[in-house]
Amino acid sequence: MTKIRTAAVIGSGVMGSGIAAHLANVGIPVLLLDMVPSQLQPQEEAAGLTLVHPKVRNRFALNAMDKLKKTNPAPLYSEAFAERITPGNLEDDLAKLGSVDWIIEVIVENLQAKKQLISRIETVWKSGTIVSSNTSGISINAMVQSASPEFKKHFLGTHFFNPPRYMKLLEVIPNEQTDPAIVAFMTDFCEKKLGKGVVQAKDTPNFIGNRIGTYGLLVTLREMLANGYTVEEVDAVTGPAMGRPKSATFRTLDLVGLDTFVHVANNVFDLVTDPAEKEVFNTPAILRTMVEKGWIGEKQGQGFYKKVKSEAGKEIQSLDLNTMEYSASRKISSGSLEASKQAKGTIGKLKALLGAKDRYSDLAWNILKPVLLYSAEKLDEIADSIVEIDNALKWGFNWDLGPFETWDAIGLKRSVERMEAEGSEVPDWVKAWIAAGHDSFYENREGQSFYYLKNEFRGVETRPELISLASLKQQNKVIRSNSGASLIDIGDGVACLEFHSPNNAIGADILTMIQQSADEVRSNYRGMVVANEGKNFCVGANVMLLLMEAQDGEWDEVDGIIRLFQNSMLKLKRLEKPVVAAPHKMTLGGGVEACMPADQIIFSAETYYGLVEVGVGLIPAGGGCKELALLASQQVRDPEVDLQPWINAIFETVAMAKVSTSGHDTKRLGYMRAGDTVVVNPDHRIYEAKQAVLRLEAAGYTPPVQEKIRVVGENGKAVMQIAAYTMRQGGYISEHDQLIANKLAHVLAGGNVPAGTLVTEQYMLDLEREAFLSLCGELKTQQRMQYMLSKGKALRN
């Protein structure tokens, strides 16, 4: 199978440009093509352009590329990656499709339009080039009905979910004649290169994710209308209480767009023949009315919710479906919702919600039951196994548990008994499975997972790239552990240091485990990975602990905490064995400082990385300032070259609490070092970090030589403090911001020494600690810490 080195995307709308952006993200040059405009726009006429000018002929693709740089959340890992996209059009550039390795069709969801385009593609197509459609539900077989057998072998569906950069799910849908080798290649390529969770679906209406997900949303809407629930009530139940996203039902519909949702639902309605199923996909009149009114969600400013300006500021209003009027949203509370909120974990929350018998518990059951039954009923029709269905809903709709995992969670046998008692028809295969003595669709045996397949348990395929710390714990691979962290044997003589405190915030427990782990690895292992499977890698140090000690005036305790942090990081850095950190998602403050001692950092592509301590009125004091100053000193080794611009850039990044928008973006902010890399698939990061440890060890690893740091000194400090003073005079920062900035400048400059002075790492750590302690004593800093803990956002006082 040839490699995919270049690609072309046809259709530059939101999805097409988003797919092109993600291909560019992973280093694939991509041609972005669209139609040729039929008339000039006023600004084109004013610029003296004509219909034959390339800027006009490529207008749609060029405009899409402009939007990519302005869209939030950003489709590109780095704005610079837009250079990998070449705009064009289908008339002038059609022949160029003959020189790419992968062609993706992303035009309007219309079968005839797609068939016509595919016929044009085949006229320039070269054998070996893979062609795919990004349709969300149109038949893959129907699209290539008139194509040649050779073309059909190379054609399949690749259904990305929106936005392509962020949504994990990618459905691969072969047609009847797709070469199985191409299906296998694309599955592997999309997983490893594009970082996707790939599910193979059958060519049925809306495939897997949209078939089950749309059904679930429609069932929810019908239950709401039948029993008089409000928009807020439904969203209170169908969010985190059920292991679903905070956007729940109606915020999700507003984000997707009601017009898009109706189109997707109609696709199933038009194609299925079973009357009962057809009736479910017959969109309620209320949805059609809202679409007619233009109340289609966020893109038009109103849908089920609307933001309005009031005297108190912005107010979120919700739609009353009886009066079709908006009013202020109200907070929903009940015994079942409160029980779910207090419970731990998704399974605990779901059981608590369903177990408390009230109006909202009934709502949860009445929308969950039909989804479970429908998933079981459609299993053989839409997928090869329950795993594909569960993964599609988890990766495409951000459910914590797929339908069959949910069934296991609430008790398969008990829930089926309740369903039958209520008169529901349960698929025969489910009843047969229970009759055979089973009470779950999944089993775990000594860390190995098994799933239902054709009336037996089949082992879940294990791949070396998927290292599960949770599974390794079940296999008794824990070497050391305390309340905040564990050291786990991940094989081949490599240990993984895992944080598992609340929010992975760093406290004394984690710091103690870092020190103990360093000793353990030094004696018994080849190296160490620092990684975890939490929602975020680490949100920083334990601010609550610091605030309590500061408010009590326990300065020796605060000093001791900072010394322990600094010494732990130094011990990690000086370890005689290789250390590789693999951060993911939010990696802030102390989380960054926990990565800095590593010999190599392997960033997950979705890593939001930054020293943000100024947000709580402090400066980095776990070695963050010292490491950045050392990095600058190493980058500018020539004493004749002015170090100030490098230090100024660091000062700006830290003082403004800048956070990367991706793993790649850490380079722009000055955090990425030579040798640090990015892995696109987050599920592979621990494996990649382990491989990096083994490579370093095989190459004869020696710890970095301790070297002194050249600093900009007193004069350089003055430069930074003048910048802070100017910001204060301009009204951009507060007086307390300026105080923090002055302390930061003092540390980054190396204190009151002459420019060019060489100082030790310990000297810089002492400066960090002194500044940190003094800021802890400031009332306004304590107010910032308190505000962050209570509100979850920074206070600018």
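I am working on a predicted model.

**Entry: Phe441 and the cores**

I looked up Phe441, leaving aside its neighbours within four places in sequence. Its contacts include Ile386, Asp408, Leu412, Val430, Phe450 and Tyr451.

I then looked up the largest nonpolar core, which has 107 residues. Phe441 is among those with the most contacts inside this core, together with Phe304, Trp407 and Val430. Helix α17, residues 359–382, gives the largest share of the core, 13 residues. I also noted a second, separate core of 77 residues, which includes Leu572, Leu630, Leu669 and Met720.

**Entry: aromatic pairs**

I found a count of 22 aromatic pairs. In one of them, Phe185 and Phe189 have ring centres 6.0 Å apart and planes at 25 degrees. Planes under 30 degrees apart count as stacked, so this pair is stacked. Both residues sit in helix α8 (residues 180–192), and because they are four residues apart, about one helical turn separates them. An α-helix has 3.6 residues a turn, so residues three or four places apart point the same way. Buried means under 20% relative accessible area, so Phe185 at 17% counts as buried. Phe189 is buried as well, with a relative accessible area of 9%.

I compared this with Trp433 and Phe457, whose rings are 5.0 Å centre to centre with 75 degrees between the planes, an edge-to-face pair. Trp433 is in helix α21 (residues 428–435) and Phe457 in strand β14 (residues 456–459), so the pair ties together parts 24 residues apart in sequence. Trp433 and Phe457 are both buried.

**Entry: charges over rings**

I looked for arginines over ring faces. Arg244 lies over the face of Trp399, 3.7 Å from the ring centre. Arg418 lies over the face of Trp365, at 4.0 Å from the ring centre.

**Entry: helix α14**

Which residues of helix α14 (residues 285–293) are buried? I found Ile286, Leu287 and Met290. They cover an arc of only 100 degrees around the axis, so they are on the same side of α14. I checked what covers these buried residues, and the cover includes α9 (209–227), α12 (258–271) and β10 (313–320). Just after α14, I noted that Gly294 takes a positive phi of about 85 degrees.

Note on methods. Residues numbered from 1 in each chain as written. Predicted model: local features only at pLDDT ≥ 70, side-chain atom pairs only at ≥ 80, totals over all residues. Heavy atoms only, no water. Core = buried A, V, L, I, M, F, W, Y, C linked by side-chain atoms within 4.5 Å. Buried < 20%, exposed > 50% of the residue type's maximum accessible area, 1.4 Å probe, protein only. Helix = DSSP H or I, 4+ residues; strand = E, 2+ residues; numbered from the N terminus. Contact = heavy atoms within 4.5 Å. Arc of directions from axis to C-beta. Phe/Tyr/Trp six-rings, centres within 6.5 Å; stacked < 30°, edge-to-face > 60°. Lys NZ or Arg CZ within 6 Å of the ring centre and 35° of its normal.
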